[in-house]
Amino acid sequence: MSSNTTWLSSSATSIFSTASDIFSDQASIATTNSSASRSSVLSHLEAPSKQEALGLRRPLKPPIHDPKRGLWNDTLRVIPCGENHQSTDWQGSFASCSICGFTPWHALMINSRRMTVDEFVAAMSLLDRSSIKMNDYAGNSPMHFLMAAGVKFVYFSHLANRHESTTDQNVFGQNPLHVLNPQDLGDDLVYLLKWFKSRTTPPGLLLTQRDIYARTPLHTLLQHPFPRTHYPRILEVFPFMEHQLLCFNIIGKSVVHMMNMTSLKLRRESESDYLKIQDGISDIEQLLADFVVSGGDGPRYSFSDIARGARGETWFGFFNCRICNHTNKHSNSYLDQMKCACANGRDRNAPDETGLTPAHAIITKERSNQGQDETPAQTAELFRILIPPGDPTLREALHVLDPEGHTLVHNIAVRGLDEILQYVLELETPARRVAMVNACSIGVDGVESSVYECVIQAITELNERIRGNNQFMDEELRKFLLNKATRLKMCIKILAAAGAVTRPSVTKRWRING
């Protein structure tokens, strides 16, 4: 969903309450074309790792499932089903959870650290003979669960050689690398990252994708403690490494801030882990300082500035573009600036220091064109430039939340931007559309509401405003409000056609598979 062009619950918890758990004060493998090529690529995995010497291995602990928050081992997000599966035996008689889609495949993967490699391979052989589904309802593959288990490299080798494990993002935007627990990998961590780096087109896509909280796998991986010698080796694997380190999450926190908060929490259990992350912070800060001194860019004029109404630098009829640094090469219109930002490889999905992504900023910020308020059609034109059709790697930008925890579909629909709403939904697959239109978030009143409910409320408030001021209202304003009411009603029709309901169930909100 991010690309080289981007860079070069009903009873369940709401989207944002989950985000708060992550950010407040804290911090498949796609197989190669043949089994022969897979063996050559992964042959080095059989070599013994140095994790014992590096002191990375943690004491064996059982996996932890929080069925109310929908979390495995505090990292992997699943549908919050209310039933605790952490003691579920992969050899049990159950087929799958009817709400979250947890199956014996997932039980095997999440418990694999307690098994020998031979036991793990034998268990997969047994499951291969069954018809049990491999992906859960949130879109998590066995590779997601194995990543969260904290196992050695050889386990990934055997899974990859037997199955074309998906590397797709789940409904929460997590690809398997977002939930990687590196505790048993040792030196093999770098090899694993390099292997994944080459598995997608464009290469490195999996290492740059953002989850719904705008975190890349680099952001999440750096929340783990590493020996100091590991940091430079890890960082050099990631594309656009300096840019990723400078990027914010959806509440405007940098990776250094997240690392610091995580280290403070870990300090309660391990002074050594605290010091390791603090060493990593020092090295990253020095790296970024050197990057700036050597002429590297810090935060740059980009989509979010344009979305907020910036026009660049103009004097005495000359316009100097702050993106391409040319004078009068194009106009200072929002449209021309957007095109220039795309042509010069600005990041189409990076939040600014307030946590707003370009997509959210285009939708939520007001702009004027030649002294007139921007029309919905003009906003739609800007949005299509930012996220054009035909590039599925840009879909992740449709799912990142805003700082209040609202989805992009929510922000579009409550503003009556029916043309953009239809366009955004058509960009996604049918199963993901249902989840998009049934997302819920908490409003300023503290009440959790669905997108459909919020649009109905917006129509009600607009009608009350029109009726209450009908006799004294300016005619032009009256026409504007009536037009907006019409567009809001059109949004209701579009939402309903995509499967939206007033009070969606947990599965309606999160299910994208099976």
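This is a predicted model: local features need pLDDT of at least 70, side-chain atom pairs count only at pLDDT 80 or more; totals for chains, interfaces and linings use all residues.
Helices, in the sense used here, are DSSP runs of H or I with at least four residues, numbered from the N terminus. With that numbering, α21 is the element that gives the most to the lining of the largest cavity, at 3 residues.

The largest cavity has a volume of about 190 Å³. Its lining is made up of 15 residues, and those that lie nearest the centre are Val 171, His 399, Thr 407, Ala 435 and Met 436. At least two lining residues come from each of α19, α21 and α24 (506-510). Sorted by class, the lining of this cavity holds 11 nonpolar, 2 polar and 2 charged residues.

The second largest pocket is another space to look at. About 740 Å³ lies in this pocket. Its lining counts 20 residues, with Glu 366, Asp 373, Glu 374, Phe 480 and Arg 487 lying nearest the centre. Two or more lining residues are given by each of α17 (358-364), β7 (372-373), α18 (376-386) and α23 (475-497). Of the elements, α23 gives the most, with 6 residues. By class, the lining of the second largest pocket has 9 charged, 6 nonpolar and 5 polar residues.

Helix α23 also takes part in covering another helix, α22: the elements over the buried residues of α22 include α19 (408-413), α21 (430-437), β9 (448-450) and α23. Which residues of α22 are buried? They are Val 451, Tyr 452, Glu 453, Cys 454, Val 455, Ala 458, Ile 459, Leu 462 and Ile 466. Within the list, Val 455, Ala 458, Ile 459, Leu 462 and Ile 466 are among the buried residues of α22.

Aromatic side chains are the next topic. The structure holds 9 aromatic pairs. In one of them, the ring centres of Trp 72 and Phe 145 are 6.4 Å apart and the ring planes stand at 70 degrees; the pair is edge-to-face because planes over 60 degrees apart count as such. Trp 72 belongs to strand β2 (residues 71-72) and Phe 145 to helix α7 (residues 142-149), so that the pair links distant parts of the chain, 73 residues apart. Trp 72 has a relative accessible area of 1% and is therefore buried, since the cut-off is under 20%. Phe 145, with a relative accessible area of 0%, is buried by that cut-off. Trp 72 and Phe 145 also belong to one aromatic cluster with Phe 94 and Phe 102.

Phe 383 and Tyr 423 make another edge-to-face pair, with 6.4 Å from centre to centre and 90 degrees between the planes. Because Phe 383 sits in helix α18 and Tyr 423 in helix α20 (residues 418-427), this pair ties together parts 40 residues apart in sequence. Both Phe 383 and Tyr 423 are buried.

Leaving out residues up to four places away in sequence, Ile 64 touches Leu 71, Trp 72, Asn 73 and Gln 86. Ile 64 lies in the loop between α4 (51-54) and β1 (65-66). Is Ile 64 buried or exposed? Its relative accessible area is 54%, so Ile 64 is exposed. Ile 64 and His 85 are 21 residues apart in sequence, and their C-alpha atoms are 8.7 Å apart in space.

Some loop residues have backbone details to point out. Asp 74, in the loop between β2 and β3 (76-77), has a positive phi of about 65 degrees although it is not a glycine. With a relative accessible area of 62%, Asp 74 is exposed. Asn 325, also not a glycine, has a positive phi of about 65 degrees. Asn 325 lies in the loop between β5 (318-320) and α16 (334-343), and at 59% relative accessibility Asn 325 counts as exposed. A cis peptide bond, with omega about -5 degrees, joins Thr 201 and Pro 202. Pro 202 is placed in the loop between α9 (188-197) and α10 (217-221).

Note on methods. Residues are numbered from 1 along each chain as its sequence is written. Side-chain values use heavy atoms; hydrogens and water are left out. On a 1 Å grid over the protein atoms alone, a cavity is a set of points where a 1.4 Å probe fits but cannot get out, and a pocket is an open set with protein on both sides within 12 Å along at least five of seven lines; lining residues have an atom within 4 Å of a point. Grid points are joined across faces, edges and corners, and a volume is the space filled by probe spheres set on the points. Ala, Val, Leu, Ile, Met, Phe, Trp, Tyr, Cys and Pro count as nonpolar, Asp, Glu, Lys and Arg as charged, and the others, Gly among them, as polar. Buried means under 20% relative accessible area, exposed over 50%, partly exposed in between (1.4 Å probe, protein chains only). Contact means heavy atoms within 4.5 Å. Rings of Phe, Tyr and Trp (its six-membered ring) pair if their centres lie within 6.5 Å; planes under 30 degrees apart count as stacked, over 60 as edge-to-face and the rest as tilted.
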